[in-house]
Amino acid sequence: MPRPVNNPPNPWSSTQVEYLEEAPPATLQIFEEQARSIVTANDSPDLPFRYSVNPYRGCLHACAYCYARPSHQYLGWGAGTDFDRKIVVKSNAPELLEKELNKPSWQGDTIVFSGNVDCYQPLEASYELTRRCLEVCLAFRNPVGLITKGALVRRDAALLGELARRARARVHFSIPFADDAVARKMEPYASRSSLRFDAMRALSDAGVPTGISLSPMIPGLNDSDVPELLERARAAGAESAFMMPLRLPREVLPVFDERLEEAFPDRAAKVRRGIQEMRGGKMNEAAFGARFQGAGPRWAAIQRLFEVHCQRLGLNVARGSGEYIEREGESTFRRPSRQGTLFDL
């Protein structure tokens, strides 16, 4: 059970503060827990990966559209401001991951970080759980995929570069808005879009294959940003790109709708109509196999725009690179010897 921390670390006074935005005005509550497991398996037809690791629950980025918000209700909290302000830290995540990778049943499948909430949200500057988990993956040469909005990932560029060389690693940056001011209204405490592109450049220069996720795609709000986002990603070294339409589960819809009306009162009605056009007249599609897929002429036009510019820029040339992770290749996985990792490098 998560327990509140009386004197939590402050990421904005850490040595990594240069990677963070300004501190949020609202009170943040931090809870620590000794998790019982850390690797989550899924068999969803909507997701291109099977195994994921999430060192945190809840997310300080406070994105209005985050489809992970309902997961906070399993803790007895709300999907609104509770999700943004009550953050659970799985303080034993690296130890659990090492234990899992040492099991005879583990065969070295790709592990995706941020399958639920962002593993490079601001608290990572203080706790370094994602970094320590990546160090475990490097020791085992276990492939990783990662998706983030946090420019803090730049801190670990050298580590991810080593993972890319010794195993496989790919980092996708979630950048759905070209304009920093627009992004701030919908994802108020995530790193600015411009800083995410800077971090993408740093990782690309470190030898990490990078890509961009233009997700969520919100008709009437960011579909016109597609060409610029893809161009800036390519200039920052990205090799791949993908996008998914906005998802609005029941608990997320009121959060998104309230933020939309407050931030873009003159465009809110247009955006709602655009969402309904790509969801068959509904605001959300909950069916497995269709949740991450759009439909109708409006979505087809957005897809065509995306594909034309990807082709023009040379994105997604490698087979399977337009997903969260690379397709599995020859296994690089191996367990470190008892003598330690020095002789295994």
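I began with R298, which forms a salt bridge with E277, the closest N and O atoms being 3.4 Å apart (I count a salt bridge when a side-chain nitrogen of Lys or Arg is within 4 Å of a carboxyl oxygen of Asp or Glu). R298 lies in helix α11 (residues 296-313) and E277 in helix α10 (residues 268-278), so the pair ties together parts that are 21 residues apart in sequence. For these element names I rely on DSSP runs numbered from the N terminus, where helices are H or I over at least four residues and strands are E over at least two. I then looked up accessibility: R298 is partly exposed at 23% relative accessibility, and E277 is also partly exposed, at 44% (buried means under 20% relative accessible area, exposed over 50%, and partly exposed in between, with a 1.4 Å probe and protein chains only).

Notes on the model. This is a predicted model, in which local features need pLDDT of at least 70 and side-chain atom pairs count only at pLDDT 80 or more, while totals for chains, interfaces and linings use all residues. Residues are numbered from 1 along each chain as its sequence is written, and side-chain values use heavy atoms, with hydrogens and water left out.

**Entry 1: other salt bridges**

I find 26 salt bridges in the structure. One of them joins E22 to R184, with 4.0 Å between the closest N and O atoms. This pair links distant parts of the chain, since E22 sits in the loop between β1 (3-4) and β2 (29-33) and R184 in helix α6 (residues 180-186), 162 residues apart. E22 is partly exposed, with a relative accessible area of 48%, and R184 is partly exposed at 23%.

I next checked R57 and E33, whose side chains meet in a salt bridge at 2.9 Å, N to O. R57 belongs to strand β5 and E33 to strand β2, so this pair ties together parts that are 24 residues apart in sequence.

**Entry 2: strand β6**

How many of the five residues of strand β6 are buried? I find that five of the five residues of β6 (residues 86-90) are buried, so the strand is largely enclosed by the rest of the structure. Both of its faces are covered, with K86, V88 and K90 buried on one side and I87 and V89 buried on the other.

I then looked up its partners, noting that two strands pair if DSSP finds at least two bridges between them. β2 and β6 run parallel and are joined by five bridges; the partner of Q29 in β6 is K86. β5 pairs with β6 in the antiparallel sense over two bridges, and there R57 has V88 of β6 as its bridge partner.

**Entry 3: N54**

N54 lies in the loop between β4 (51-53) and β5, and is buried, with a relative accessible area of 9%. What does the side chain of N54 reach at 3.0 Å? I find the backbone nitrogen of N116 at that distance, and the backbone nitrogen of V117 lies 3.4 Å from a polar atom of the N54 side chain. Leaving aside neighbours within four places in sequence, N54 is in contact with I38, K90, S114, G115, N116 and V117 (contact means heavy atoms within 4.5 Å).

**Entry 4: helix α5**

In helix α5 (residues 157-166) I list A157, L159, L160, G161, L163 and A164 as buried. The buried residues of α5 pack against α4, β8, β9 (169-174) and α7 (193-205).

**Entry 5: backbone geometry**

I looked for positive phi in residues other than glycine. A62 has phi near 60° and lies in the loop between β5 (56-57) and α1 (81-85); this residue is buried, with a relative accessible area of 3%. R141 has phi near 50° and lies in the loop between α4 (129-140) and β8 (144-148).

Which residues does a cis peptide bond join? I find S215 and P216, with omega about 0°. P216 is found in the loop between β10 (210-213) and α8 (226-235).

Methods: Polar contact = N/O pair within 3.5 Å; in protein donor to acceptor, adjacent residues only side chain to side chain.
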